[in-house]
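Colleague: I'm new to protein models and could use a hand. Could you walk me through how to read one?

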Amino acid sequence: MLPFKPKKQYTLIAIYASVTIAVAILFGVALFYLRTIGSWISNLISALSPLLYALMIAYLTRPLVVRFEGLYRKLLRFKQQKDETKKERLDVVIRLISIASSFILLSSIILSFSLFVVPLLLGDTKLLGERLVQLAERLVELANSLGSTFGFHLSADKLLDFLQGSRTVIMNALTEFGTAFAMTVFEILVGVCVSVSVLYYRGALAASVRRFGAAVFSFKVFRYLEKVVFYSNRVFGKYLIGKIVECSIVGLIYLIVLPIMGVPYPFLITIVMTITNFIPIIGAILGGIPCGILILTGENPILALWFAILVLAIEQLDGNIIFPKVIGSIIDLRAVWIMIAVALFGGSFGIIGMFLSPPLFSIIYMLLRDGTNHRLEKKGQPTATDYYTDLFATTAPPRKRKLKYLFFLGERDHEENDHQNKR
C-alpha cells in the first residue's frame, strides 16, 4: 500500500511524459540507425513485392470485374432465382467467370498492343542506331577538319576501340537488367495468381478489415476513417483508370499525327510521350525535350519546331478537354497545388511519386480541410473561404500614417474603412 494517495491528474501527466520521452528516444535511435532501418524496410518490401503486385493488380482489375458481374447477372437472370442454394452457386459461377473474362480481356489488349507496337518500336530503334552511327562519323570528320588547324587527328577506329573496351561493362549492365527484369516478371505473374483469390474473396476481406477497425477505434473515429478510405478509393480508382484512358487517347493522337507530319521515329516518340504524359503538367516537357533532340538527328531538323508546336497544341487539348471529360472534377486542385504536389512527391518517391501526386495531395487536402472546418465550427466561426478573402481589411486596427504610405494610392481609403468598421 502506498504511503500517499496518487491523484489522477498527476498520474496522467506522468504517463504522458513517459510516453513522450519514450517516443523521443525511439525517434533518436531511428535517426541514428536510419540507413539500417531503410535497408530493413527495403528488404521487407522486396519480400512482400508479390503480395503488393497482387493487391495492385486486384485493385486495378476490380472495376472491370464488377462490370462483368453486372452483365452476367442480367444475362443469367440472377435476381429472379428464388432457390437460395441455386442462387449461391450461381453467384460463385458468375464471380469466377467475371474474373476470368476480365483477365482474358486485359491479356488480349496487352498482347495485341505488344504485337502491334513492338515491331514498329524495334524498327525505329534500329533506324535511330544507324542515324547515331552516321552522326558520330560526321562529328569525327568535323573534329578532323578542325584538328588539321590545331594539329590533332581523331579516327573512327579509336572510337570503335573505346566502345569495344566498354563492351564488358555494357554486357554486365545488360545482364543485371535482364535478371532484374525476369525477377520482376516472375513476381508479377505470382501477383496475378494471388490477385485472383483477392478478387474472389474481396467482400470477406473488406468485412474483416472493417471488423478490425470497429474493434480498435471508437465509433466516431471508425466512421471518419471509413469516410477517408471511401474518398481515397474513389479518388485513386477514378484517377488511375481515367489517367490510363487519357494517356491512351493522347498516344493515339501522336500515333496518327506524327507519321503524317513526316517526323522520324514516330512510334518511338509516341511511346515516350504516352508514358511521360502519366506525369501531370510537366510530363510533356520531360518527354518533349529528349524527343526533340532525337528529331534533330534526322534529315529535317526543322521538324523539331513543328513537333514543339504539336506538343503545345496537344497539351492544351488534353488540359482543357480530355482531362476534364475523362477524370472530371475528382481531383479538385488548382494547377499551382498540382505543381507543388509533383515537386514534393517526385523528390521523395521519384517517377511513381510524380504520377500519384494529384490523388495523394487531394486526400491530404481533404483531411486538412475537414480539420480546419472542425476547428472553425468549434469556435463558432464561418467555414466558407470567401468570408476570409478580405477579412484583415475589416478587422485590423487603424494604423498610424507614415510618410511613405502617402505615396501609395488607396492607403488613406484603407485607413478610413478600418476606422469606420471599428465604429
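Colleague: Okay, how many helices and strands does the protein have?

Modeller: Keep in mind that this is a predicted model. The protein has 14 helices and zero strands. Read from the N terminus, the elements go α-α-α-α-α-α-α-α-α-α-α-α-α-α.

Colleague: And what share of the contacts join residues at least 24 apart in sequence?

Modeller: Take the contacts between residues at least 6 apart in sequence: 70% of them join residues at least 24 apart. As for burial, 25% of the 423 residues are buried.

Colleague: Since it's a prediction, how should I read the confidence scores?

Modeller: The general idea is that where pLDDT is low, the predicted coordinates should not be read in detail. In this model the protein averages a pLDDT of 76, and 77% of the residues score at least 70.

Colleague: Which elements have the lowest and the highest mean pLDDT?

Modeller: Helix H14, residues 411–422, has the lowest at 46, while H7 has the highest at 88. Over residues 398–423 pLDDT stays under 50. The model has 19 contacts beyond four places in sequence for that stretch.

Colleague: Which helices supply at least two residues each to the lining of the largest pocket?

Modeller: Those are H3 (49–75), H4 (84–150), H6 (167–200), H8 (219–261), H9 (266–276) and H12 (335–378). H4 supplies the largest share, twelve residues.

Colleague: What classes of residue make up the lining of the largest pocket?

Modeller: There are 36 nonpolar and eight polar residues, and no charged residues.

Colleague: How much space lies in the second largest pocket?

Modeller: About 970 Å³. The second largest pocket has 20 lining residues, with Leu205, Ala206, Val209, Arg210 and Val229 nearest its centre. At least two lining residues come from each of H3, H6, H7 (202–216) and H8. H7 gives the most, seven residues.

Colleague: Let's zoom in on single residues. Is Ser195 buried or exposed?

Modeller: Ser195 is part of helix H6. Its relative accessibility is 0%, so Ser195 counts as buried. A polar atom of the Ser195 side chain lies 2.6 Å from the backbone oxygen of Val192. Leaving out residues up to four places away in sequence, Ser195 touches Ala54, Ile57, Ala58 and Phe103.

Colleague: Why does Ser101 count as buried?

Modeller: Ser101 counts as buried because its relative accessibility is 15%, and the cut-off for buried is under 20%. Ser101 sits in helix H4. The side chains of Ser101 and Tyr72 make a polar contact at 2.8 Å. With residues up to four places away in sequence set aside, Ser101 touches Phe68 and Tyr72.

Colleague: Which residues does Ser98 touch, again not counting residues up to four places away in sequence?

Modeller: Ser98 touches Val65, Phe68, Glu69 and Tyr72. Ser98 is also in helix H4, and at 0% relative accessibility it counts as buried.

Colleague: How far apart are Ser98 and Tyr200 in sequence and in space?

Modeller: They are 102 residues apart in sequence, and 9.8 Å apart in space, C-alpha to C-alpha.

Colleague: One last thing: how do I read a phi angle?

Modeller: Most residues other than glycine have a negative phi. Tyr265 has a positive phi of about 55°, although it is not a glycine.

Colleague: Where is Tyr265?

Modeller: Tyr265 lies in the loop between H8 and H9. With a relative accessible area of 1%, Tyr265 is buried.

Conventions:
Residues are numbered from 1 along each chain as its sequence is written. This is a predicted model: local features need pLDDT of at least 70, side-chain atom pairs count only at pLDDT 80 or more; totals for chains, interfaces and linings use all residues. Side-chain values use heavy atoms; hydrogens and water are left out. Helices (H or I, at least four residues) and strands (E, at least two) are DSSP runs, numbered from the N terminus. Ala, Val, Leu, Ile, Met, Phe, Trp, Tyr, Cys and Pro count as nonpolar, Asp, Glu, Lys and Arg as charged, and the others, Gly among them, as polar. On a 1 Å grid over the protein atoms alone, a cavity is a set of points where a 1.4 Å probe fits but cannot get out, and a pocket is an open set with protein on both sides within 12 Å along at least five of seven lines; lining residues have an atom within 4 Å of a point. Grid points are joined across faces, edges and corners, and a volume is the space filled by probe spheres set on the points. Buried means under 20% relative accessible area, exposed over 50%, partly exposed in between (1.4 Å probe, protein chains only). A polar contact is a pair of N or O atoms within 3.5 Å; within protein, one must be able to donate a hydrogen and the other to accept it, and residues adjacent in sequence count only if both atoms are side-chain atoms. Contact means heavy atoms within 4.5 Å. pLDDT is the predictor's confidence in each residue, from 0 to 100.
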